[in-house]
Amino acid sequence: MTAALLEIDHLSKRFPLRRSTLDALRGRPRPMLQAVHDVSLSIARGEAVGIVGESGCGKSTLARCLVRLHEPDSGRIAYNGADVLALAGDQRRAFNRSVQMVFQDPYGSLHPRQTVDRILAEPLAIHGVPDAETRIERALDEVGLGTGFRFRYPHQLSGGQRQRIAIARALILEPQILLLDEPTSALDASVQAEVLNLLDALRCRRGLTFVMVSHDLAVVTHLCERLMVMQRGQTVEFLSAPDLAAHRVTNAYTLSLMHASSGFKRAAEPGHLEPLS
Amino acid sequence: MKRRLSIPFLIGLTILTVLVLCALFPDLVAPYDPLAFDYTAMMVAPNAAHPFGTDQFGRDLLSRTIHAAGIDLQIALFATIGPLLIGATIGLLVGWFGGLADTLVGRLIDLVQTFPFLVLVIAIVAVLGPGLNNMYVAVALVGWVFYARLMRGEVLVQKGADYIAAARALGYSQRRLMLRHIMPNAIRPVLIYLVTDMALAILLGSSLGYLGLGAQPPTPEWGVLVADGKNFFTTAPWMSLFPGLAIVLTGLGFSLTGDGLADLMDVRR
């Protein structure tokens, strides 16, 4: 394996929970939720890594730690060998340009009162990137929307179109790494496939590194070469996509995820339902 | 997208337009001098010459009601703009930064809200001395809590939204996040409340005028006019009735306009 582009080393993140005033007076410690516990993951340049697990397993928290939306309690994140958590000022801004994120809910991830044009122009202005005009047009073309969408508001777009805008926004600063937090789970099945294919195409064209968070094994195997299974904040196992596709899975938890993503199974044939008494 | 203006919104706008015209050009609209005594026509019931009747000094009530519009609209504006600016700013700051300041301000808001609004305003005006300027100060000191509470709640909702997380990941500064991203999305309910509050401010101004703590006679102000007429209510009910109707109508105008604006400002429709 080549040198890691992004290295996560023994990362932990806890969230404080509410403590009753009585317990606080008694001096009891504040209860904590261990969202991510001692997770290590190494991602090579150009790789697509999936992080899978059920809801609440800490996979989104892990992704958010990577762009410093959460500050981890312990552990290290290194990007190109530099300690991400120590970055400040211009270095941190440079890091922001290199690592971008696409969120799960395209209805919540776009500023509701900005036009597509402003949504895409603002990051360029902040980071002092020239030729905003051409970049915005190119970004819209790249996500398959075209310049006709430039002066629309998010509420005038469908879920799939919004997610394309979110992808365009994430890519407009030309990042190295794209974090995808369940990018298709809020979309319906046909749009899901379109967006996944778009992401795949963008990755090939730009040589991007993907980190994709999902609960859906089918989606992850479609896009990623390698995946990490998480449960209750901890790593359960690492798998390669071919292994998963061939159902070479031993871990019980991964198996249950695999069954879950293969769809609902009817408990009984409709004809064999017991009559109501 | 074509938006249809609703009938209630148009009615509200019409009322407010008429009021603003009255406030700006009272001398053109009013048939008489509002302060001129006419001892030949004292306490005349509404008729063709005096549509709203006259008071005990023969002053034309229509003219007085029209001349009062300026003062009352001024009250609607000045008694809300102070609380809005103070409250929205505090709400934005504590909602965004949270922490101890948030807790303290929250408790302060609770504390102020436990007092009846009018009683607190009257108490402050009584200390500062009667008059409109002191009333504005008192209202600003008390009224900001409603705006702050509203703004803070809305900021907390917006703060958790993914578009803010996306903006953070893009490296936007705190100031930009707060002013360009949180504020425009959190201010809408506050502005809608503002218009409703303008109606309440007119009622408040009238109440204080009625108690002799707001506008001072002989300045015509609707509350003062209602108070003047109360002694003659059994013999000359029009003296209180018409200024009272003006208050009601203005309140209605603000409410209808506020609701209409709320619908219009919603870009998501």
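Helices and strands are taken here as DSSP runs, numbered from the N terminus; a helix needs at least four residues and a strand at least two. The model is predicted. On this basis, chain B holds 10 helices and 0 strands. Read from the N terminus, its order of elements is α-α-α-α-α-α-α-α-α-α.

The C-alpha trace of chain B spans about 80 × 50 × 25 Å along its principal axes. Of the 269 residues in chain B, 45% are buried. Residues 24 or more positions apart account for 69% of them.

Helix α6 of chain B covers residues 132–159. Its 28 residues, at 1.5 Å a residue, should span 40 Å. The expected span is 1.5 Å times one less than the number of residues. The end C-alpha atoms of α6(B) lie 38 Å apart, which agrees. The helix has a kink of about 35°, centred on B:V142. In α6(B), 20 of the 28 residues are buried, so this helix is largely enclosed by the rest of the structure.

Chain B also touches chain A. The contact takes 15 residues from chain B and 20 residues from chain A. On the chain B side, α7 (162–169) and α8 (174–211) each supply at least two residues. The largest share, 6 residues, comes from α7(B). By class, this side of chain B has 9 nonpolar, 3 polar and 3 charged residues.

Terms used. Residues are numbered from 1 along each chain as its sequence is written. Chains are lettered from A and ligands numbered from 1 in the order in which they are written. This is a predicted model: local features need pLDDT of at least 70, side-chain atom pairs count only at pLDDT 80 or more; totals for chains, interfaces and linings use all residues. Two residues are in contact if their C-beta atoms, placed from the backbone, lie within 7 Å. Ala, Val, Leu, Ile, Met, Phe, Trp, Tyr, Cys and Pro count as nonpolar, Asp, Glu, Lys and Arg as charged, and the others, Gly among them, as polar. The bend at a residue is the angle between axes fitted to the seven residues ending there and the seven starting there. A residue is buried if 20 or more other C-beta atoms lie within 10 Å of its own, exposed if 12 or fewer, and partly exposed in between; C-beta atoms are placed from the backbone.
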